[in-house]
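Q: I have not looked at this structure before. Could you show me how to read its features, one at a time?

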Amino acid sequence: MSAPTNKPPQESGPGTALFIIDIQKDLALDEATQIPHAERVKNATKAILASARRILPHTKNDILVFVQHHEPPERGPLQKGTTAWELVFEPTEEGLTSGKEILVGKDTRDTFESNHDLADELKARGISEIVACGIQSECCVQSTCLGALAAGFKVTLLRGAHSTYDIGDKPAVDVEREVEALVVDNGGRVLDCVSLIAFWDRGSESQAMERGLSLASYSA
């Protein structure tokens with residue numbers, strides 16, 4: 001798909017929020033502490049963001065939500081202001097100014113539990129669907145997906161764009177599959193991130209802008 005031209009935002013239906021959850025330097029950039037599949041998650045997220053940002057300025061209700069965890073020293077390394085806490089992928093200044101990209105802090109696994117007004121604020125913006133990627137699968141990704149479902153959002157978890165640490169003898173990939181099954185069991189769905197990007201990039205420029213980030217019309 002070619003880059004969209006300067007056209008006004010489409011007066012489209014309900015919007016979609018892409019959640020990029022806790023892709024922070026301790027988890028995804030520090031070779032001593034990062035998850036085993038950090039490179040895969042970073043590469044996938046970079047491609048997802050590039051595709052989303054081509055469309056985002058030309059849609060009405062879609063947004064990017066960058067989630068950043070923080071914790072006290074006794075609970076882990078992600079203290080505010082430290083290198084470990086910093087995001088690998090950040091909202092752009094243009095995105096922040098336009099309100100199309102937002103930064104949300106949290107101190108619990110579930111982003112919605114840490115931010116009691118977030119669900120209402122998203123719904124007020126016309127958001128009805130959440131697409132999620134990030135780290136760690138069985139912790140903040142899982143809890144945020146379940147929190148979004150409980151709040152009444154449609155949820156799609158992106159296979160290939162979330163992961164975690166190995167847990168004992170269980171490889172991280174097996175944990176990913178367990179989390180995906182749990183999300184589906186609770187009413188969400190799972191979509192391969194490569195298929196997502198292909199869908200967002202499909203069709204003409206005008207079709208992509210009219211569709212926005214919504215997966216309502218997606219079919220495998």
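Q: At 32% relative accessibility, does Arg 177 count as buried, partly exposed or exposed?
A: This is a predicted model, so the values are computed from it. Residues under 20% relative accessible area are called buried, those over 50% exposed, and those in between partly exposed. Arg 177, at 32%, therefore counts as partly exposed.

Q: Which side chain meets Arg 177 in a salt bridge?
A: A salt bridge is read from a nitrogen of Lys or Arg lying within 4 Å of a carboxyl oxygen of Asp or Glu. Arg 177 meets Glu 180, with 2.9 Å from N to O. The two are 3 residues apart in helix α7, so about one helical turn separates them. Glu 180 has 2% relative accessibility and therefore counts as buried.

Q: Which residues are linked with Arg 177 and Glu 180 in a network of salt bridges?
A: The network also takes in Arg 40, Arg 159 and Glu 176.

Q: How many salt bridges does a search of the whole structure find?
A: The search finds 10. One of them joins Asp 201 to Arg 54, with the closest N and O atoms 3.0 Å apart. This pair links distant parts of the chain: Asp 201 is in the loop between α8 and α9, Arg 54 is in helix α2, and 147 residues separate them. Arg 54 is partly exposed, with a relative accessible area of 28%. Another salt bridge is formed by Lys 170 and Glu 178, whose closest N and O atoms are 2.9 Å apart. Lys 170 is partly exposed at 33%, and Glu 178 is partly exposed at 43%.

Q: What is the order of the strands in the open sheet?
A: Strands of a sheet pair through backbone hydrogen bonds, in either a parallel or an antiparallel way. Here 6 strands are ordered β3-β2-β1-β4-β5-β6, with parallel pairing. The edge strands are β3 (101–106) and β6 (189–192), each of which pairs on one side only. From one strand to the next, the twist averages 25°.

Q: Over how many bridges do β1 and β2 pair?
A: Strand β1, residues 15–21, pairs with strand β2, residues 63–69, over 5 bridges in the parallel sense. Ile 21 has Val 67 in β2 as its bridge partner.

Q: Which residues point one way from β2, and which the other way?
A: Ile 63, Val 65, Val 67 and His 69 point one way, while Leu 64, Phe 66 and Gln 68 point the other, and all are buried. Because 7 of the 7 residues of β2 are buried, the strand is largely enclosed by the rest of the structure. Strand β2 is also joined to β3 by 6 bridges, and the two run parallel. His 69 stands opposite Lys 106 in β3. From β2 the chain crosses through α3 to β3, and this β-α-β crossover is right-handed.

Q: How many of the residues of β5 are buried?
A: The count is 8 of the 10, so β5 is largely enclosed by the rest of the structure. Strand β5 pairs with β4 in the parallel sense over 6 bridges, and Ala 132 has Leu 157 in β5 as its bridge partner. With helix α6 (residues 137–150), β4 and β5 make a right-handed β-α-β unit. The chain then crosses from β5 through α7 to β6, in a β-α-β crossover that is right-handed. Strands β5 and β6 run parallel and are joined by 4 bridges.

Q: Which strands does helix α2 lie across?
A: Helix α2, residues 38–55, lies across β1, β2, β3, β4 and β5, running at about 135° to β5. Helix α7, residues 172–185, lies across β5 and β6, at about 175° to β5.

Q: Which peptide bond is cis, with omega near -10°?
A: The bond from Ile 135 to Gln 136 is cis. Gln 136 is in the loop between β4 and α6.

Q: What is phi of Asp 22 near?
A: Phi is near 55°, a positive value in a residue other than glycine. Asp 22 lies in the loop between β1 and α1, and at 2% relative accessibility Asp 22 counts as buried.

Notes: Residues are numbered from 1 along each chain as its sequence is written. This is a predicted model: local features need pLDDT of at least 70, side-chain atom pairs count only at pLDDT 80 or more; totals for chains, interfaces and linings use all residues. Side-chain values use heavy atoms; hydrogens and water are left out. Two strands pair if DSSP finds at least two bridges between them. Axes are lines fitted to C-alpha atoms, for helices over the stretch in contact, and angles run from 0 to 180 degrees between N-to-C directions. Contact means heavy atoms within 4.5 Å. Buried means under 20% relative accessible area, exposed over 50%, partly exposed in between (1.4 Å probe, protein chains only). A crossover is right-handed if, with the strands pointing away from the viewer, the path from the first strand over the helix to the second runs clockwise.
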